[in-house]
Amino acid sequence: KATAIPHILPSGATRVDIVVQLRNPNARAGVGSYPVSVTLIDSSGQEISTRQEETFLLPGALQYLILTDVSVPRQSSVSQVVVDTPDAPEFIEVPPSVPIPQFQTFLRGRTEKRVGVTNDSTFAWNEVQVSVVALNSDREIIATGKTFLGTLTAGEQREFIVQWPKSSQPIQQVIAVPSTNMFSEENIVEILGNPESLR
């Protein structure tokens with residue numbers, strides 16, 4: 001599922017933010033490298049632009065891939081977002097003894113866009129990304145933003161601000177989804193327990 005959110009700049013140029021919802025139904029296996037191709041199509045069926053992005057999939061996770069500030073030619077409007085994902089991604093099984101990264105989020109307010117994240121994992125991570133989507137009363141995505149946190153140690157809580165262009169509709173709900181690539185060895189700062197358990 002993908003959504004394009006247009007923004008008209010003072011110059012008259014158009015930019016869009018794109019939100020792609022990715023779901024991994026496998027509760028014990030994930031993908032460390034997951035290339036995604038996103039193509040914007042206009043109302044006449046012509047391709048406007050294509051972007052390639054690399055992401056990852058945690059076991060059993062719902063994640064958002066967010067592309068911000070994508071340029072759209074003048075006089076064009078996006079009518080469709082086509083998402084291509086790998087046909088046969090390489091799933092990595094996670095042993096039962098290895099916990100999946102866990103985070104808690106807390107929101108300070110829909111207008112201030114203040115978000116907090118707590119690392120409930122037993123690992124410290126070099127980089128945690130947070131995707132945020134804002135919904136209207138029909139539960140449609142009307143705004144989005146993302147940020148990257150630096151090192152987040154086990155049990156650490158951190159507050160930050162996510163920014164997005166002002167929405168033309170009232171925001172009824174904000175969803176923040178923190179995530180980290182547990183399959184990247186460079187991303188693991190500290191291992192509590194036996195490091196061999198991750199191999």
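Is E156 buried, partly exposed or exposed? E156 counts as partly exposed, at 23% relative accessibility. Here buried means under 20% relative accessible area, exposed means over 50%, and partly exposed lies in between, with a 1.4 Å probe and protein chains only. The model is predicted; local features need pLDDT of at least 70, side-chain atom pairs count only at pLDDT 80 or more, and totals for chains, interfaces and linings use all residues. Residues are numbered from 1 along each chain as its sequence is written, and side-chain values use heavy atoms, with hydrogens and water left out.

Salt bridges are described next. Side chains of opposite charge can pair when their charged atoms come close. A salt bridge is taken as a side-chain nitrogen of Lys or Arg within 4 Å of a carboxyl oxygen of Asp or Glu. The structure holds 3 salt bridges. E156 pairs with R158, and the closest N and O atoms are 2.8 Å apart. R158 is also partly exposed, at 23% relative accessibility. E53 forms a salt bridge with R51, with 3.3 Å between the closest N and O atoms. E53 is partly exposed, with a relative accessible area of 23%. R51 is partly exposed too, with a relative accessible area of 29%.

D69 forms a salt bridge with R15, and here the closest N and O atoms are 3.3 Å apart. D69 lies in strand β5 (residues 62-72) and R15 in strand β2 (residues 14-23), so this pair ties together parts that are 54 residues apart in sequence. R15 counts as partly exposed, at 23% relative accessibility. Strands (E, at least two residues) and helices (H or I, at least four) are DSSP runs, numbered from the N terminus.

Both β2 and β5 belong to an open sheet of 3 strands. The order is β1-β2-β5, and the pairing is antiparallel. β1 and β5 stand at the edges, each with a single partner strand, so one side of each is left without a neighbour in the sheet. From one strand to the next, the twist averages 20°. Axes are lines fitted to C-alpha atoms, for helices over the stretch in contact, and angles run from 0 to 180 degrees between N-to-C directions. Two strands count as paired if DSSP finds at least two bridges between them.

β1 and β2 pair over 7 bridges, in the antiparallel sense. A2 has V20 in β2 as its bridge partner. β2 and β5 run antiparallel and are joined by 9 bridges. Q21 stands opposite Y64 in β5. V16 has V70 in β5 as its bridge partner. β2 is mostly covered, with 7 of its 10 residues buried. In a regular strand the side chains alternate between the two faces of the sheet.

Q129 stands opposite F148 in β12. The hairpin of these strands has 5 residues between them, and R139 takes a positive phi near 60° there. D138 sits in the loop between β11 and β12. D138 counts as exposed, at 57% relative accessibility. The C-alpha atoms of D138 and N24 are separated by 25 Å, and the two residues are 114 residues apart along the chain. In β12 itself, 7 of the 9 residues are buried, so the strand is largely enclosed by the rest of the structure.

Rolling a probe the size of a water molecule over the atoms shows where empty space is left. A pocket is an open set of points on a 1 Å grid over the protein atoms alone, where a 1.4 Å probe fits, with protein on both sides within 12 Å along at least five of seven lines; lining residues have an atom within 4 Å of a point. The largest pocket holds about 420 Å³ of space. It is lined by 21 residues, and the closest to its centre are T3, I5, E140, I141 and I142. β1 (2-8), β2 and β12 (141-149) are the elements that give two or more residues to this lining. The largest share, 6 residues, comes from β1. By class, the lining has 11 nonpolar, 6 polar and 4 charged residues. Ala, Val, Leu, Ile, Met, Phe, Trp, Tyr, Cys and Pro count as nonpolar, Asp, Glu, Lys and Arg as charged, and the others, Gly among them, as polar.

Conventions:
Grid points are joined across faces, edges and corners, and a volume is the space filled by probe spheres set on the points.
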